[in-house]
Amino acid sequence: MATREVPYRRTRLVRSGRVSVAASLSAAAVLLVSAMLQFVASLQRWVVFRNSLTANEISAEDHLYDYTIPMDPWVPIGTAAELYGAGVLLTALGILILPLSAWTGRRAFRYRGVAVAVFVGEFLIALLVAGSLSIDGAHALISGVSGSPSPLQHWGALGWVSVIGLTVMAVLWRGSRALMVACIFLLGSTFVGYLMATFVIAPMLSGGSHDTAPWTETVVAASVAIAGVAMASAARPARQRMPVRPTSAL
């Protein structure tokens, strides 16, 4: 009886898929902890501090109490600035992990040279974004510890780096819905996201104007939490279709 080879394709897990899963879970954990710290900081302003004020005192909505980017004159509220600063620094760490999550099995297995070049480029962009956000986080943290705005308040123009970088990352990773969504919602951590929360989202939720709407920082924390959930959903093993030629009898 004659035999012939019948080609078919099967799917197998590749080693780089495990790297991607571990990176996605790590990024998700870091971003969710960041969101929790920022949420607790917002509660200090909009629940604890707000409820402690008397009718004759300045309202909690006054920009005098803004702890996200402390600028003179500024009055610290509890440990809100420290918690927020630590949260933003964790967000920066989570962004540095994203390129590892984007390291798919197909890139690493079939196009190793190109994959390394692409990874280096993506990591450099992530490094610029993380560096920009780290300045904001360090500014809030140092200001909270010292009780007065740090000299880093004059570096605000670098905020555009994080906006442009995250936008580029979202476009580069449009093939992964989870990564793209994470980058889009991480824009909430930038000054553009803060402005959106201040002038659009918080007033829409509270029914007030941008000068009197509470919970701006909570909206920012929620955007980071959504990014963390998106990264958790990205934790799936990468699979590679491999041709195999078994022998079948005629």
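Proline 73 is located in the loop that connects helix H1 (15-52) with helix H2 (80-101), helices being DSSP runs (H or I) of at least four residues, numbered from the N terminus. The structure is a predicted model, in which local features need pLDDT of at least 70, side-chain atom pairs count only at pLDDT 80 or more, and totals for chains, interfaces and linings use all residues. Residues are numbered from 1 along each chain as its sequence is written, and side-chain values use heavy atoms, with hydrogens and water left out.

Most residues other than glycine have a negative phi, and most peptide bonds are trans. The bond from aspartate 72 to proline 73 is cis, with omega near -10°. Tryptophan 215, although not a glycine, has a positive phi of about 70°; this residue lies in the loop between helix H7 (191-206) and helix H8 (216-233). Its relative accessible area of 29% makes tryptophan 215 partly exposed (buried is under 20%, exposed over 50%, partly exposed in between; 1.4 Å probe, protein chains only).

Four aromatic pairs were found in a search of the whole structure. In one of them, the ring centres of phenylalanine 119 and phenylalanine 123 are 6.2 Å apart and the planes are at 25°, so the pair is stacked (rings of Phe, Tyr and Trp, the last by its six-membered ring, pair if their centres lie within 6.5 Å; planes under 30 degrees apart count as stacked, over 60 as edge-to-face and the rest as tilted). Both residues belong to helix H4 (residues 112-146), four residues apart, about one turn of the helix. Phenylalanine 119 is partly exposed at 22%, and phenylalanine 123 is partly exposed at 32%.

Notes: Helix = DSSP H or I, 4+ residues; strand = E, 2+ residues; numbered from the N terminus.
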